[in-house]
Amino acid sequence: ENFPGVVQKPVFTFYFDRGTPVTRDLYMKLVKARDSKAIICATPTSVKSFMLKFVEMMRHLEQSKFGSKLQKESGGFFNAFSISNIARKFRESSVVQELNVNPEDVYYSAEILKLFRTGVLLLDEVDLLLHPLKSELNWPIGQKHPIDFSRSKKFGVGLRWQMQWHALDAIFYARDKKMSVAFEDSREALHILDSIASVIQQGIATQQLQHTPHLVLLSKKFYTKELKQLMARWQLLYLRSKRLPAVEDRQLLSYMVNGPIKDKQAASAVSVALEDEYMKMLNLAHELINNFVPHVLSKINRVGFGLLSKNDLKLAMESDPNISLVRRFAAVPFVGKDVPSRASQFSHPDIIISLTILAYRYEGLRFTDFTTLITELREKLDSEIGPYHKRPSSLRYASWVEAAGGKVRGP
């Protein structure tokens, strides 16, 4: 409001997101701003959204003219899975929604981009806006495909999630003094976790770690020097539980900590001894320990990432009834305190998995998550055989109640 008092120029605003249509009115508004030598204020997200919208429309026109190379398989993403009735309710949401593109919209988009090229762009905090990791906008497009290690003949279902849950459980042990993975009877596991907890307390005391609102990594050097080796030992327990072939622990630890380039002797030893599936698992462990874990631990829940709250979901459904499953159930980027990004999602699948695990462990289950979980567990209970109290679903429910400090009545 005070800006025109300093500089006598008209001021326009430009807001755009994935659901905003490109119309002639928008184009004429920008033409008027150019002719009157006006100033246009826009957020980085709006500018990036417009560019992504243009790319998305061009992609759709190209596919409609030449055809898509990706043939839609029956069942889409869920085709490779045996799913429950609850999951089937969300199946339609995973189907790629066709974008209705009018060639006139593409024309106006191209003309608007020409207008942008003739203007002068002033950036505030350019070091943040141009940073590839701190300021990015991602719009998933195309057919969904199962991620590698989501199902494996050798390791079963969900190995990629299990590895990250195991790695991050060591961090929560320092706070809760209990683990949620199946190593309670291992003295070595308890020794490693106690060592990690001791290092975390040391980091808090020396201000290398922040303990409010939750544990936040402030110094990557501290993690590399004090925590990384312990995290590798903790992850090695999980790898051994998957019947890893006979390879010396020192070589496996060196590979996880240093990678295949810094220690070529260890890289040669493990590549000769391990099959492809085990090698991929070891490479994922290396990436987890060196990149993903320190990265996600440096983020603050409800500030840099988080789950959509009940009100956030309601607003998202009103603006886009076809909101993706990732935005419904996984962690999404936040642009400020308790302000989720309107359309963006994290691009790296392992970052999504890690941040989602942290978000649920920091915030807990939403009521809709709880009802979905209990409903699905009850469906599985009805499909199992044997006495009710001995069925796997019943035993799992009892373990959840006991872990929360309660008791289940009956046998």
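1. The model under review is a predicted one, and the points below should be read accordingly.

2. The geometry of α10 itself deserves attention. Helix α10 covers residues 249-262 and spans only 17 Å between its end C-alpha atoms, whereas a straight helix of 14 residues would span 20 Å at 1.5 Å a residue. A bend of about 80° is located at Met 256, and Pro 260 follows within four residues.

3. As to the chain overall, the model contains 17 helices and 9 strands. Of its 411 residues, 40% count as buried. Among contacts with a separation of 6 or more, 68% are accounted for by residues 24 or more positions apart.

4. How do helices α7 and α8 pack? Helix α7 (residues 159-176) and helix α8 (residues 187-205) pack with their axes 9 Å apart, at an angle of about 70°. Since angles of 65 to 115 degrees count as roughly perpendicular, α7 is therefore roughly perpendicular to α8. The crossing of the two helices is right-handed. On the α7 side the contact involves Ala 170, Ile 171, Tyr 173 and Ala 174; these meet Leu 190, Leu 193, Asp 194, Ile 196, Ala 197 and Ile 200 in α8.

5. Helix α7 has a further partner in helix α15 (residues 349-363): the axes come within 10 Å and cross at roughly 40°. That angle makes α7 oblique to α15. This crossing, too, is right-handed. From α7, the contact is made by Arg 160, Trp 161, Gln 164, Trp 165, Leu 168, Asp 169, Phe 172 and Arg 175. From α15, the contributing residues are Asp 350, Ile 353, Ser 354, Ile 357, Leu 358, Arg 361 and Tyr 362.

6. Most residues other than glycine have a negative phi, and most peptide bonds are trans. The peptide bond from Thr 212 to Pro 213, however, is cis, with omega near -5°. Pro 213 is placed in the loop between β5 (209-210) and β6 (216-217).

7. Which phi value does Arg 302 have, positive or negative? Phi of Arg 302 is positive, at about 70°, although this residue is not a glycine. Arg 302 is found in the loop between α12 and β7 (305-306). With a relative accessible area of 15%, Arg 302 is buried.

8. Asp 338 likewise has a positive phi, near 60°, and is a residue other than glycine. Its place is the loop between β8 (332-336) and β9 (339-340). Asp 338 is partly exposed, its relative accessible area being 40%.

9. Finally, His 389 lies in the loop between α16 (367-383) and α17 (392-403). At 33% relative accessibility, His 389 counts as partly exposed. The C-alpha atoms of His 389 and Gly 410 are separated by 8.3 Å, and the two residues are 21 residues apart along the chain.

Note on methods
Residues numbered from 1 in each chain as written. Predicted model: local features only at pLDDT ≥ 70, side-chain atom pairs only at ≥ 80, totals over all residues. Heavy atoms only, no water. Expected span 1.5 Å × (residues − 1). Bend = angle between axes of the 7 residues up to and from the residue. Axes fitted to C-alpha atoms, helices over the stretch in contact; angles between N-to-C directions. Parallel < 35°, antiparallel > 145°, perpendicular 65-115°, else oblique. Left-handed = near helix turned anticlockwise from the far one by under 90°. Contact = heavy atoms within 4.5 Å. Buried < 20%, exposed > 50% of the residue type's maximum accessible area, 1.4 Å probe, protein only.
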